[in-house]
Amino acid sequence: MKPKGVDAPSGVAVDAAGVMYVADFYNHRVVVLSPDGSERAWGHAGQGGLGELHYPTDVAVGPKGEVWVADAYNNRLQRFVAGKAVQMITGITVANGLAVDDDGRVWVVDFEGGKVRVFDPDGTPFVVFGEPGVDREQLRHPTAVAVRGDLVYVADFGNDRVQVWRIGEDARLDH
């Protein structure tokens, strides 16, 4: 399946209804493909307001159907509801891969910052872990994150590995 006019798809997510969301990196938008074949786009090129995207790298669907976008070179995340940008979370140095867990928390890898940042659904910081480097529990240019149960998997691009953390009951992360 190739969406019309997509240039460098860099992330994909599918919701419970089978709707596919594609981060369209060079066109600075999210392409939305419905199971019936219809296609539309959200967002547009820009570096400031809600709905403006500057090289989006990934998308994830939350438990309530909201769509989160890693807006990489705007150094932020954006949340879309029914096609409308409704929230920004800033302060992420090159937001790259992201995931949303069953509780609606948003997990994002900070490519340049060498960290994983986690936010509550309202944007409140929840936890930050990792630090730049090459040793255990350090990350060099992380590119993706996945959460399953109490395990967090991080693609550590610069160190050629995947690191796994376990989420403790007190929100600690144990390596």
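What volume does the largest pocket have? About 220 Å³. Hi everyone, thanks for coming. Before the details, a word on the source: this is a predicted model, where local features need pLDDT of at least 70, side-chain atom pairs count only at pLDDT 80 or more, and totals for chains, interfaces and linings use all residues. Residues are numbered from 1 along each chain as its sequence is written, and side-chain values use heavy atoms, leaving out hydrogens and water.

So, pockets. Rolling a probe the size of a water molecule over the atoms shows where empty space is left. Here a pocket is an open set of points, on a 1 Å grid over the protein atoms alone, where a 1.4 Å probe fits, with protein on both sides within 12 Å along at least five of seven lines; a lining residue has an atom within 4 Å of a point. The volume is the space filled by probe spheres set on the points, which are joined across faces, edges and corners.

The lining of the largest pocket includes Val61, Pro63, Asp101, Asp102, Asp103, Arg105 and Trp107. By class, this lining has six nonpolar, one polar and five charged residues. In that count, Ala, Val, Leu, Ile, Met, Phe, Trp, Tyr, Cys and Pro are nonpolar, Asp, Glu, Lys and Arg are charged, and the others, Gly among them, are polar.

The second largest pocket has a volume of about 180 Å³. Pro63 and Asp103 are among its lining residues, along with Lys64, Glu66, Trp68 and Arg79. This lining divides into five nonpolar, two polar and four charged.

Now to the strands, which are DSSP runs of E with at least two residues, numbered from the N terminus.

Alanine 8 is not a glycine, yet has a positive phi of about 70 degrees; you'll find alanine 8 in the segment before β1 (9-14). Asparagine 75, also not a glycine, has a positive phi of about 55 degrees, and sits in the loop between β8 (67-71) and β9 (76-81).

Note on methods:
Helices (H or I, at least four residues) and strands (E, at least two) are DSSP runs, numbered from the N terminus.
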